Amino acid sequence: MEWRIIVPVLCLIGFLPVPGNAADNSTTNSTTNSTTAFEFNIVFHINDTFNETYSNMANNNTITLKNKIITEVSQVYTQLKNFQRFDILQFRNGSIVVDGKLYFNSSDSKPSVANLTQILNNGNFTFKLLTNLTSITEVTTTAANTSTTTQAVTTSAGIAVYNLTFKMTGNFTNDLSNMSSSAATNLTNFVVGQLDGVFKNFKSYKRTFIRQFRNGSIIVDAGVEFDKVSSPSATELAKALADGVRNGVVKLPIDTQTIQVTDSTGFTANKSPVLASMLTALWMTLASLLLSAVMH
């Protein structure tokens, strides 16, 4: 019988492997381990100017940036043996906000959110990471195969971060929504300088940063950092800022009734001393005029 007839027959009955379909145990195991077992949403901020083209994920500049960040971030997570991959979903304005996902297989235990956050914040990158804004949440799957997120972590080890919100008298302009604009940059520097003057009286104070400005007169969303071992209470911070406004130390037209300071437990404190004197009213008017000059 000719070999061109015998060979196909042997392949069919299993004596010879069929070209292109060979499989062994290592391939099977690899496939099993490649199944995603744990998934996390990850958001981090890069201290750089946001380019509008980054909103288009198909743009060549965006693709280049995406590939660069994926390569560098993936490298730091390879120390976890069950790490699969890191993907970027989109870029947003606010310096450069990166929305992505981390995937891990079942070859090792589920990594903790705290550990994932620490690994990223301690990473050595060619870009500047704003570590205080890192947020990682675990994605859990329910019986309906719908996803929910839990266990958010937004602070780095040893640092206590307070959320600070207040409203200032003034006209909100659209360019304040873009934190890279000259108006937002000037206002940020001025506000931070004024808040530094108040919070530096606490010996554990590290810094204040502005997250965003919002419409409603001018609403300021900020973060205030202290050493965790000797950090003040949210109530103390709210009182210090309100007193600074009342005494004229803070040259910002802040409506003290809107001051809110929230600590890591979710407790929110506010302090609104009565500002009824003619002197205070005059000071608020002058502060408002100064703020307008700074913005322009």
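Where is the place of Ser 217? Point 2 takes this up, after a word on confidence.

1. **Confidence.** This is a predicted model. The protein chain has an average pLDDT of 79, and 74% of the residues score at least 70. Among the elements of the chain, helix 6 (residues 234-247) has the highest mean pLDDT, 95. Helix 2 (residues 25-33) has the lowest, 38. Two stretches call for care when reading.

2. **Ser 217.** Ser 217 sits in the loop between strand 7 (205-215) and strand 8 (218-227). Its phi is positive, about 60°, although the residue is not a glycine. Is Ser 217 buried, partly exposed or exposed? Its relative accessibility is 33%, so Ser 217 counts as partly exposed.

3. Five strands form an open sheet in the order 7-8-6-9-10, and the pairing is antiparallel. Strand 7 and strand 10 (268-269) are the edge strands, each pairing on one side only. Strand 10 pairs with strand 9 (residues 254-262) in the antiparallel sense over two bridges. Thr 262 has Thr 268 of strand 10 as its bridge partner.

4. **Helices on this sheet.** Helix 6 packs on the sheet and touches strand 6, strand 8, strand 9 and strand 10. The direction of helix 6 makes about 160° with that of strand 9. Helix 5 (residues 182-199) lies across strand 6 (159-168), strand 7 and strand 8. Helix 5 runs at about 140° to strand 7.

5. **Helix 5.** Does the span of helix 5 agree or disagree with 1.5 Å a residue? The 18 residues should span 26 Å, and the end C-alpha atoms are 25 Å apart, so the span agrees. Buried residues of helix 5 include Leu 187, Phe 190, Val 191, Gln 194, Leu 195, Val 198 and Phe 199. Residues three or four places apart in an α-helix point the same way, because there are 3.6 residues a turn.

6. **Gln 194.** This residue lies in helix 5. Is Gln 194 buried or exposed? Its relative accessible area is 14%, so Gln 194 is buried; the cut-off for buried is under 20%. Which residues does Gln 194 touch, not counting those up to four places away in sequence? They are Val 249, Val 250, Lys 251 and Leu 252.

7. **Helix 6.** Helix 6 has 14 residues and reaches 20 Å from its first C-alpha to its last, close to the 20 Å expected. Its buried residues include Ala 234, Leu 237, Ala 238, Leu 241 and Val 245. Asp 243 and Gly 244 are also among the buried residues of helix 6. Gly 248 follows the helix with a positive phi near 85°.

8. **Largest nonpolar core.** This core has 39 residues. Among those with the most contacts inside it are Leu 164, Phe 166, Phe 213, Leu 241 and Ile 254. Strand 6, helix 5, strand 7, strand 8, helix 6 and strand 9 each give two or more residues to the core. Helix 5 supplies the largest share, nine residues. Take Phe 166 as an example. Leaving aside neighbours within four places in sequence, its contacts include Val 191, Leu 195, Val 220, Leu 241, Ile 254 and Ile 259.

9. **Second core.** A separate core of 29 residues includes Ile 46, Phe 91, Ile 96 and Leu 116. Three of these names return in the pairing of strand 3, below.

10. How many residues of strand 3 (residues 96-105) are buried? Ten of its ten residues are. Both faces are covered: Ile 96, Val 98, Gly 100, Leu 102 and Phe 104 lie on one side. Val 97, Asp 99, Lys 101, Tyr 103 and Asn 105 lie on the other. Strand 1 (residues 36-46) runs antiparallel to strand 3 and is joined to it by ten bridges. Ile 46 stands opposite Ile 96. Strand 2 (residues 83-93) is also antiparallel to strand 3, with nine bridges. Phe 91 has Val 98 as its bridge partner in strand 3. Strand 2 and strand 3 form a hairpin with two residues between them. In that turn, Gly 94 has a positive phi of about 130°.

Terms used: Residues are numbered from 1 along each chain as its sequence is written. This is a predicted model: local features need pLDDT of at least 70, side-chain atom pairs count only at pLDDT 80 or more; totals for chains, interfaces and linings use all residues. Side-chain values use heavy atoms; hydrogens and water are left out. Helices (H or I, at least four residues) and strands (E, at least two) are DSSP runs, numbered from the N terminus. Buried means under 20% relative accessible area, exposed over 50%, partly exposed in between (1.4 Å probe, protein chains only). pLDDT is the predictor's confidence in each residue, from 0 to 100. The expected span of a helix is 1.5 Å times one less than its number of residues. Two strands pair if DSSP finds at least two bridges between them. Contact means heavy atoms within 4.5 Å. Axes are lines fitted to C-alpha atoms, for helices over the stretch in contact, and angles run from 0 to 180 degrees between N-to-C directions. A nonpolar core is a set of buried Ala, Val, Leu, Ile, Met, Phe, Trp, Tyr and Cys residues joined through side-chain atoms within 4.5 Å.
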